[in-house]
Amino acid sequence: MLPLFRIIAILEGISYLTLFAVTMPLKHLADLPTPNLYVGYAHGGLFIVYVVLAVVLCVIRKWGLKRMFILVLASLLPFATFYVDKKYLGQAASVD
């Protein structure tokens, strides 16, 4: 389950940055709303999957509320999912 979560975390981070750095400027500066719509849908789905998997993974691995809070908070901050993958998830994968 950890490898799947790591992939989702990276994809969620990429979709978040794409939404803010690429499609929102296209929507507001070039009057092209369609890319923002599709990337927004993808990001929304990835966000939901990320949060659900974060909670499930924390329960299965008995990581505690602090780590669960950090994982969920990371989904709300730009670049944070990449940091969490390197700091927390990479260490957990090397222990397995």
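This is a predicted model: local features need pLDDT of at least 70, side-chain atom pairs count only at pLDDT 80 or more; totals for chains, interfaces and linings use all residues.
**Entry 1: α1 and α2**

I looked up the crossing angle of their axes and got roughly 155°. Anything over 145 degrees counts as roughly antiparallel, so α1 and α2 are roughly antiparallel to each other. For my own bookkeeping, α1 covers residues 2-29 and α2 covers residues 33-61. Their axes come within 8 Å, and α1 passes α2 in a left-handed crossing. I also checked what kinds of residues make up this contact: 20 are nonpolar, six polar and three charged.

**Entry 2: α2 and α3**

Next I went to the other pair, α2 and α3. Here the axes cross at roughly 165° and come within 10 Å, which makes α2 roughly antiparallel to α3. This crossing is right-handed. From α2, I noted Tyr50, Val51, Ala54, Val55, Cys58 and Val59 in the contact. From α3, the partners are Arg67, Met68, Leu71, Val72 and Ala74. Sorted by type, the contact of α2 with α3 has ten nonpolar residues, no polar ones and one charged.

**Entry 3: the two sides of α3**

Which residues of α3 are buried? In this helix, residues 65-74, I found Met68, Leu71 and Ala74 buried. Looking down the axis of α3, I see the buried residues fall within an arc of 130°, so they line one face of the helix.

Note on methods: Residues are numbered from 1 along each chain as its sequence is written. Side-chain values use heavy atoms; hydrogens and water are left out. Axes are lines fitted to C-alpha atoms, for helices over the stretch in contact, and angles run from 0 to 180 degrees between N-to-C directions. Helices (H or I, at least four residues) and strands (E, at least two) are DSSP runs, numbered from the N terminus. Angles under 35 degrees count as roughly parallel, over 145 as roughly antiparallel, 65 to 115 as roughly perpendicular and the rest as oblique. A crossing is left-handed if the near helix is turned anticlockwise from the far one by less than a right angle, and right-handed if clockwise. Ala, Val, Leu, Ile, Met, Phe, Trp, Tyr, Cys and Pro count as nonpolar, Asp, Glu, Lys and Arg as charged, and the others, Gly among them, as polar. Buried means under 20% relative accessible area, exposed over 50%, partly exposed in between (1.4 Å probe, protein chains only). The arc is that of the directions from the helix axis to the C-beta atoms. Contact means heavy atoms within 4.5 Å.
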